[in-house]
Amino acid sequence: MNIFINLCQRKVKGFFIIMTTTVSNSNTERQFLIDIACLLQRSDLSKLDLRTTTGPQKHHRTHSILIDNYEISITRTPVYAYETMLHQLFNRGDWQLLGDRFERYEIYISENMYNIRMVEVPFAAILHSGYNVVMHHGTMASDMGHYRARSYQKRGLTSKQQYDLYQSPNYHLFEPCRDIFTLLDCESSRRRLNMPLNNLSPIRNGQDMDNVRNRMLGCIEQRLLKTK
């Protein structure tokens, strides 16, 4: 069996991270995620079709990228965490997000039939849609907690799939998932800081409303109207 070393040196938020991973010729899921992180680190992320959403609860944030018909969606969530083994025994915990201890990511990668995102579609429906699901896993920094999924999130999933997404730490996937999220999170923050600020005049009366409508029509005409 041929063994090779994949070495990726990256600088994220001022720290250098060295990744050294030994894999066989078969491309493992962990190595696949490392390769994605390395490619993103060397790429011009300003060209990405990137969508960032927050919620539905505190600390949830999702970054979704679409490259042609390939979709990568990664979500950071808190976990229902236990401070000690005794707390875990009696299921006495609370929701926490604490780096390297109470931290969870959910990664979804697919090859879609069309150049559209499928992240909004329940996973159970995706399984029967003809899309190629490359990966859908949850991964956590430790086993001192789990993700309390709602019934609609579990609908259509087998017990094994539920365990993989919401309870299994899947330690081998944690670091590359965190790296991918960090890269996309930095790009999302950069875009927010660089967004143009439009100073809006307040709408106080009917004339102000007419002015807004006329400005909108003028913008549509200027940007979209076909010219000969």
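A quick definition before we start: a residue is called buried when its relative accessible area is under 20%, and exposed when that is over 50%. Keep in mind, too, that this is a predicted model.

Color by pLDDT to begin. The average for the protein is 83, and 82% of the residues score at least 70. Now pick out residues 1-7, where pLDDT stays under 50 and the model has 23 contacts beyond four places in sequence. Do likewise with residues 9-26: pLDDT is under 50 there as well, with 52 such contacts.

Next, select strand E5, residues 70-77. Seven of its eight residues are buried, so you're looking at a mostly covered strand. On to its partners:

- E4 and E5 run antiparallel, joined by seven bridges. Show side chains and you'll find Ile-65 opposite Ile-72 of E5.
- Zoom in on the turn. Two residues lie between E4 and E5 in this hairpin, and Asp-68 in the turn has a positive phi of about 55°.

Is Asp-185 buried or exposed? Its relative accessibility is 10%, so Asp-185 counts as buried. Leaving aside residues up to four places away in sequence, Asp-185 touches Arg-61 and His-63. Those numbers take you back to strand E4, residues 61-67.

Notes
Residues are numbered from 1 along each chain as its sequence is written. This is a predicted model: local features need pLDDT of at least 70, side-chain atom pairs count only at pLDDT 80 or more; totals for chains, interfaces and linings use all residues. Side-chain values use heavy atoms; hydrogens and water are left out. Buried means under 20% relative accessible area, exposed over 50%, partly exposed in between (1.4 Å probe, protein chains only). Helices (H or I, at least four residues) and strands (E, at least two) are DSSP runs, numbered from the N terminus. Two strands pair if DSSP finds at least two bridges between them. pLDDT is the predictor's confidence in each residue, from 0 to 100. Contact means heavy atoms within 4.5 Å.
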